[in-house]
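Hi everyone, thanks for coming.

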Amino acid sequence: MTDTLILAQATVGGIEQFWQMVVGGLALGTIYALLAMGFVIIFKATQVVNFAHGALVAVGAFLVALTAVEIDVPGRWIPSAPTWVTWALAAVLGVALGGAAGMVLERLFIRPMVGEPLFQIAILTVGLDIVLRTIVDDFAGLDGRPLADPWGTATATIGPVTVPHTQLVQLGVTVVAVVAVALFFRSRTGVAMRATAFDQEAARAQGITVGRIFGLSWLLGAVLAGVAGIFASIFPRAAGVSSATAFVAFGAFPAIILGGLDSIVGAIVGGIVIGLAESAASVYLTGFSNVLGSGFSAIIGYVIMLLVLLIRPYGLFGTEEVRRV
Amino acid sequence: MLSVENLEFVYNDVVLVLRGISLQVPTGKIVALLGANGAGKTTTVRAITGLAAVHEGDITKGSVQFEGADITGRDPSDVVRLGISQVMEGRRIFAELTVLENLRAGAYTNRAGMSASMDRVMALFPRLVEKRSATAGYLSGGEQQMLAIGRALMQNPKLLILDEPSLGLAPLLVKQIRDIVVEINQQGTSVLLIEQNANMALSIAHHGYIMETGKMVMDGDPAKLLKDEDVQEFYLGLHGDEGDRKSFRDVKHYKRRKRWLS
């Protein structure tokens with residue numbers, strides 16, 4: 001990615017460059033991991049391959065732009081509180097709205113399709129993707145909409161590396177999100193969701209309302225996508241939500257496949273690996289641009305994915321007998 | 001307590017599986033439902049518990065009453081909440097979850113009474129206490145069956161439906177399961193026991209039903225059923241004259257038909 005490139009070139013060569021690359025890769029990887037986790041949760045619980053996940057990322061960012069800037073939650077109700085508190089509040093509200101949107105989408109479009117061939121449902125999500133992205137594009141316009149985050153372009157210097165404040169926040173938020181998801185899966189509802197993912201009929205026989213679990217998995221997926229969306233549309237990645245925001249999913253796709261489609265741990269590991277690989281490629285492979293062409297880092301994830309699939313067709317952590325669409 | 005009246009059940013709009021069956025489970029009793037493969041035993045369970053829709057099945061006639069309320073075609077979660085829980089055929093435990101998580105999944109509708117139910121299950125199945133944090137898929141067949149029964153008990157049901165709990169278990173384990181069923185019943189839970197193992201089921205039941213191709217063909221006192229010539233021949237593998245082995249080949253085809261069908 002270009003931003004890691006710029007930052008990496010600021011510190012010249014050697015070990016500094018390496019650490020700079022690692023930090024940039026982690027920052028990118030956590031976005032992929034958040035996205036991949038949401039995708040895997042939806043896939044595991046409902047068997048739906050959600051091609052609209054990129055659009056959910058954009059919708060999440062769009063809703064945060066809406067709450068933080070258009071509706072101006074911070075300025076309107078609590079102007080005296082520090083900006084980062086009020087902005088965080090707006091972001092939480094936006095992400096929650098995104099989660100609700102995911103649940104509504106599931107109820108309106110996916111639930112009536114239960115029992116239909118999975119392939120048809122997958123195609124339906126392609127349609128959803130187009131519609132949602134069109135809506136976001138229309139709002140964002142050509143220049144995009146800023147999210148007005150309180151950190152701006154400030155950076156911190158930690159040892160040899162220069163890190164934007166936003167990425168520090170991002171790392172923290174990702175850790176919190178992963179822990180929260182892990183805890184959720186130990187709760188009553190989380191256990192019910194895992195039971196449903198394993199055997200829907202047996203779950204029904206325990207009195208678990210499978211429809212509710214479906215809705216919940218979309219809520220969770222959309223929330224994680226929304227969080228990823230925020231960090232994909234602020235400094236240093238972008239200047240706001242735009243028509244390009246949804247395309248972060250293209251980067252996360254190899255992460256999902258690499259991790260193995262039905263493993264949440266795999267999604268996290270896959271996300272970090274692909275993020276690091278992209279970052280490393282953008283730093284170390286630029287010298288080979290006469291051979292590889294420019295922008296090789298954008299496809300390095302797919303190269304890794306293909307190599308891994310040759311050896312482990314079901315991904316690093318995937319179950320072998322997973323039903324593919 | 002449970003009464004099934006004249007139930008007719010169709011899969012995929014064409015396959016008529018239950019042709020008007022009726023059965024009663026009185027409060028506090030064990031009722032056995034016997035039948036050969038394809039008789040419609042499991043379908044009966046699905047019709048009662050509302051799991052029919054998953055299999056594209058439909059109740060076309062008749063009704064299911066539970067404690068005076070009509071539960072025909074109700075949602076499975078409602079049925080569970082009303083107090084009917086089932087041990088599914090083939091155990092169907094959540095293999096990827098731990099034993100404890102399986103039990104917690106079973107208590108989904110019984111949040112308030114979970115710890116009491118947990119104590120009860122752990123007292124019934126000391127084996128599960130030892131293995132509580134083991135992954136359920138790695139348990140032995142007998143332990144899995146105990147887990148499946150324990151999971152169903154977590155809902156603290158008034159009526160427990162067991163679908164072939166002896167399936168694929170060694171004789172000693174079958175005996176153990178049988179004793180557990182009796183114990184559960186003595187703790188006040190009514191039981192509908194669905195079995196192919198007639199000996200095991202009839203030895204503990206208070207009343208027995210025999211099903212064949214979607215119809216109830218016999219019912220009555222288990223002791224009486226056990227003495228019945230046809231039950232002996234077709235379910236227990238016994239023939240009137242001891243020691244004299246009989247081959248199906250020697251029986252004229254019209255004689256192979258069970259007497260109750262003619």
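What pLDDT does chain A average, and what share of the residues score at least 70? The average for chain A is 88, and 94% of the residues score at least 70. I start there for a reason: this is a predicted model, and pLDDT is the predictor's confidence in each residue. Within chain A, the lowest mean among the elements, 50, belongs to helix α1, residues 2-10, while helix α10, residues 210-232, has the highest, 95.

Now the partner. Chain B also averages a pLDDT of 88, with 90% of the residues scoring at least 70. Where pLDDT is low, the predicted coordinates should not be read in detail. For the complex, the predictor gives an ipTM of 0.86 and a pTM of 0.87.

Let's look at how the two chains meet. On one side there are 23 residues of chain B, in contact with 15 residues of chain A. Helices α2 (76-82) and α3 (99-106) of chain B each supply at least two residues of the side of chain B that touches chain A. What kinds of residues make up that side of chain B? Ten are nonpolar, six are polar and seven are charged.

Next, stay with chain B and look inside the chain. Its domain assignment gives domain 1, made of 2-83 + 157-261, and domain 2, made of 95-154. The centres of domain 1 and domain 2 of chain B, taken over C-alpha atoms, are 25 Å apart. Thirteen residues from domain 1 of chain B and eight residues from domain 2 of chain B take part in the contact. On the domain 1 side of that contact, α2 and α7 of chain B each supply at least two residues, and α7(B) has the largest share, five residues. By class, the domain 1 side has nine nonpolar, two polar and two charged residues.

That brings us to α7(B) itself, so zoom in there, please. Helix α7 of chain B covers residues 171-186, which is 16 residues. From first C-alpha to last, α7(B) reaches 23 Å, close to the 22 Å expected at 1.5 Å a residue.

Which residues of α7(B) are buried? They are Val174(B), Ile177(B), Arg178(B), Val181(B) and Ile184(B). If you look down the axis of α7(B), these buried residues fall within an arc of 125°, so they line one face of the helix. Here is a handy idea for reading that pattern: an α-helix has 3.6 residues a turn, so residues three or four places apart point the same way. On the other side of α7(B), the exposed residues are Leu172(B), Asp179(B), Glu183(B) and Gln186(B).

And what covers the buried residues of α7(B)? The cover includes β3 (30-35), α6 (141-153), β7 (159-163), β8 (190-195) and α8 (198-204) of chain B. Just after α7(B) comes Gly188(B), with a positive phi of about 110°.

Asn6(B), in strand β1, residues 2-11, of chain B, has a positive phi of about 55° although it is not a glycine. Asn6(B) counts as exposed because it has 12 C-beta neighbours inside 10 Å. Glu67(B), in the loop between β4 (57-66) and β5 (69-70) of chain B, has a positive phi near 50° and is likewise a residue other than glycine. With 14 C-beta neighbours inside 10 Å, Glu67(B) counts as partly exposed.

Last stop: back to chain A. Is Ile121(A) buried or exposed? Ile121(A) sits in helix α6, residues 118-140, of chain A, and counts as buried because it has 21 C-beta neighbours inside 10 Å; the cut-off for buried is 20 or more. Leaving out residues up to four places away in sequence, Ile121(A) touches Val48(A), Ile110(A), Met113(A) and Glu116(A). Ile121(A) and Phe51(A) are 70 residues apart along the chain, and their C-alpha atoms are separated by 9.8 Å.

One more detail before I stop. Phe235(A) and Pro236(A) are joined by a cis peptide bond, with omega about 5°. You'll find Pro236(A) in the loop between α10 and α11 (248-259) of chain A.

Terms used
Residues are numbered from 1 along each chain as its sequence is written. Chains are lettered from A and ligands numbered from 1 in the order in which they are written. This is a predicted model: local features need pLDDT of at least 70, side-chain atom pairs count only at pLDDT 80 or more; totals for chains, interfaces and linings use all residues. Two residues are in contact if their C-beta atoms, placed from the backbone, lie within 7 Å. Helices (H or I, at least four residues) and strands (E, at least two) are DSSP runs, numbered from the N terminus. Ala, Val, Leu, Ile, Met, Phe, Trp, Tyr, Cys and Pro count as nonpolar, Asp, Glu, Lys and Arg as charged, and the others, Gly among them, as polar. The expected span of a helix is 1.5 Å times one less than its number of residues. The arc is that of the directions from the helix axis to the C-beta atoms. pLDDT is the predictor's confidence in each residue, from 0 to 100. Domain bounds come from an automatic or database domain assignment.
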